Structure formats: C-alpha cells, structure tokens
Amino acid sequence: MIYLGIESTAHTFGIGIVDDKLPKEKKIIANVKDSVTTKTGGIIPAKAADHHVEVCDAVLRNALVKANLKLEDVDVIAYSQSPGIGHCLRIGAMFARTIALKYNKPLVGVNHCIAHLEIGRLVTEAKDPVLLYLSGANTQVIAYEGKKYRIFGETLDIGIGNFIDCFARELGLGFPGGPIVEKLARAEIENNPTENKTPHYVELPYCVKGMDVNFGGILTNLKQKIKHMNAHKKEHQTKEHTHCYYTKESLCYSAQETVFAMMVEVAERALAHCDKKELLLGGGVACNKRLQEMCEKMCKARGAKMFVPANEFLIDNAAMIAWLGLLQYKAGDKLKIEDAGIKPYLRTDDIDVAWR
Ligand code: AMP
Ligand code: MG
C-alpha cells in the first residue's frame, strides 16, 4: 500500500510518500519540502500559512514525480494534525481533506512529535529509545511507557530552536539561526584569538528545574550582553580600540554549551529513570554537531547507544507523517472527513498508542 503524508505544523510544508511493500531501508520513496526562511524576522503565522498555500501544489507534484506515482495510486492520506501553529496546520488539514474527498481515500491524523520518534525507529536501529526532541517550538524528552509516549521533561516556556532563533535575530544573523550560531560557536573553538586558544565561555544562567528546562531568562541575559557589545562597538568609532569582553563567537559558543548541557542532563536522567539504553535524537536543533558530540559522550559514559537519523529526518519532514500514518492505519485508525480537523495544543501523552 502507498501512504502519502502531509506536514504543515510550522515553517515547513512537505509531502512524503511511503511504499509499504519495500524493505525497511527503501520504504520512503519521496520526501519533498519547502520551508519559510527570512533575512530579518521569524515565523509570522499568517505569512507561513500563505507560503504553504503558494507551494503546496508544486511540492505535491515534485513528490509524485520522485515516487513515479499518480494521486490515484495512493491508498491512504496522513496529515500532521497536532501540535503546531493553527494557521499552518489548517492548510495541511484542508489539503488532506481535499485530496481525500476528490480521490475517495481514507484519512489519518498524526501527532508531529510522535512522528519524529517513529521515523527515528524506522531509519536507525533504535528499538525502544528515549527521544531527545529539540525543534523550533518543541523541546521534550519522550519515552514509551505503559501504552503511551510519555513526556519525562520539557521546556516550561519557549522551544530550544525558538531560543536559538531569537538569539540569532538579536545578533542580526537571519532565520533560521541555528546553523549560523553553530558555525560561529565552532569558530570560537577553532580559530580562537586568545593566547591559550581556549574558547571563551561567558557565564550564563543554567535553568534546569527537576526534569524541565526554560530558556526565557537565558535569552534576556544574552540580549543584555548583545546590547552591551553593540554599545561598545559604537564607542569604538570615536575612542581608541579596547577589547569588548564579548564577541558574537563567544556568545554563540556559550549559549550552545549552556542550553545543550541542560538538555543532556535531563536526557540522561530520563535514561536512568526509564532504565533504557538508547538515546534517539530528533528535531532541527539535533542537526547540531556539538549537541551530537555532547550526547555521544554522555551515552558512552553510561553504556547507552546514541542514534542520529540523517538531517532530512531530523528537521520537520513529511516522510515521518506518512510513516506514522501507516503505523496508525494498520492499527485500525481512520478519521471521518468531518472529524479531520486540527488539534494545535494536543500533547504527546494524550495519545493512546495502538500500534506498539
Ligand atoms: P524543526 O522545527 O524541527 O524543523 O527545527 C527547526 C529549528 O532547528 C530552527 O529553530 C533552527 O534554527 C534549528 N536548527 C537547524 N539546524 C540547526 C543547527 N545546526 N544547530 C542548531 N539549531 C539548528
Ligand atoms: Mg518538528
């Protein structure tokens, strides 16, 4: 059977296609997307929705060409139903209903966070992992216990990706900021101009509360430091050169070290608490090589294994929606067209897992 997945929770509109009869490593036959990027702002919900409307036809066409299929050949339509930005989710749900009605196909609504975990189990050897899910809006440590995907720790305010993007915006780096912050942090490690070549760690608040984390205070602190740095730069134009305590590079390095350490700490406690031996990474921020390095070190120290899917399955993608759609459909899940709405605030642990 052929499963078509539609992703539209936030900045990405994607179409993924899975062919169930192919072996595990070949099942994904298309994974096409188009994402919002900007030079100055972040995601503006209404504009992101406009973007999705503009690109949806072309993304679908490209995915079908890639898979060498027609819409008639598709058996099941899955779409990201929760959680996400209402404006964006609505476009995907409408697109799904339109295809389902026109071609008389069954519909499945999928939880985006769980899809990140399930695609990880498909494309890596992970069997029963703790998922460290670090994306733009979501920051959760998730594991399977008692028929549900339970959240063992999460952000109490913004997502870690939003934190990095806001910080990058303050530095004038554009959106999405994650890859640029990673590059500048790397430069602080590799091309450090100080005598002893050690990267300069600027002290920042460290915000772990039990199993949860928050980023708002760290962001405020960084904003103050950026203001200080910019004021200092302005002064330079008139006065003799003196070194500012902070640089873009040292702030990027310090921000990464701090928030990644927080996440590694919580992930490690979840591994210990659940007595699990596998850590799976998911979400766009998990593309970060320094984060991967830190997780690897922690796993090694406690005899656990780390699994990192390829970048195309870490960031938001529709292959994972098609794949979870397949798992749910096979377990008997099907939506009536009138029930195929969106659930922007549904939590990971609200969903009964019938497919495991
Ligand atoms: P997602 O919502 O899962 O698609 O992830 C998007 C988020 O991942 C954005 O906030 C990006 O800034 C962030 N991101 C992407 N690549 C990297 C990277 N190399 N390092 C840190 N964050 C990243
Ligand atoms: Mg995501």
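With 356 residues, the protein chain of this predicted model would have a radius of gyration near 21 Å as a compact globule, and its value of 21 Å agrees with that. The radius is taken over C-alpha atoms, and the globule rule is 2.2 Å times the number of residues to the power 0.38. Along the principal axes, the C-alpha trace spans about 75 × 45 × 30 Å. Ten helices and twelve strands make up the secondary structure; these are DSSP runs numbered from the N terminus (helices H or I, at least four residues; strands E, at least two). Residues are numbered from 1 along each chain as its sequence is written. Local features need pLDDT of at least 70, and side-chain atom pairs count only at pLDDT 80 or more, while totals for chains, interfaces and linings use all residues.

Of the 356 residues, 54% count as buried, meaning under 20% relative accessible area, against over 50% for exposed and partly exposed in between (1.4 Å probe, protein chains only).

Turning to the aromatic side chains, the count comes to six pairs. Rings of Phe, Tyr and Trp (its six-membered ring) pair if their centres lie within 6.5 Å, with planes under 30 degrees apart counted as stacked, over 60 as edge-to-face and the rest as tilted. The F13 and F95 rings are edge-to-face, because their centres are 5.5 Å apart and their planes stand at 85 degrees. Since F13 belongs to strand 2 (residues 12-19) and F95 to helix 2 (residues 86-103), this pair ties together parts that are 82 residues apart in sequence. Both F13 and F95 are buried. F163 and F167, in turn, form a stacked pair, at 6.5 Å centre to centre and 10 degrees between the planes. Both lie in helix 4 (residues 160-170), four residues apart, about one turn of the helix, and both F163 and F167 are buried. One aromatic cluster is formed by Y144, Y149 and W355.

A proline in a loop also deserves a look. P129 sits between helix 3 (112-123) and strand 6 (130-134) and is buried, with a relative accessible area of 1%. Leaving aside residues up to four places away in sequence, P129 touches R121, I142, A143, K276, E278 and L280. The C-alpha atoms of P129 and L279 are separated by 5.3 Å, although these residues are 150 apart along the chain.

Notes:
Chains lettered and ligands numbered in written order. Heavy atoms only, no water. Contact = heavy atoms within 4.5 Å.
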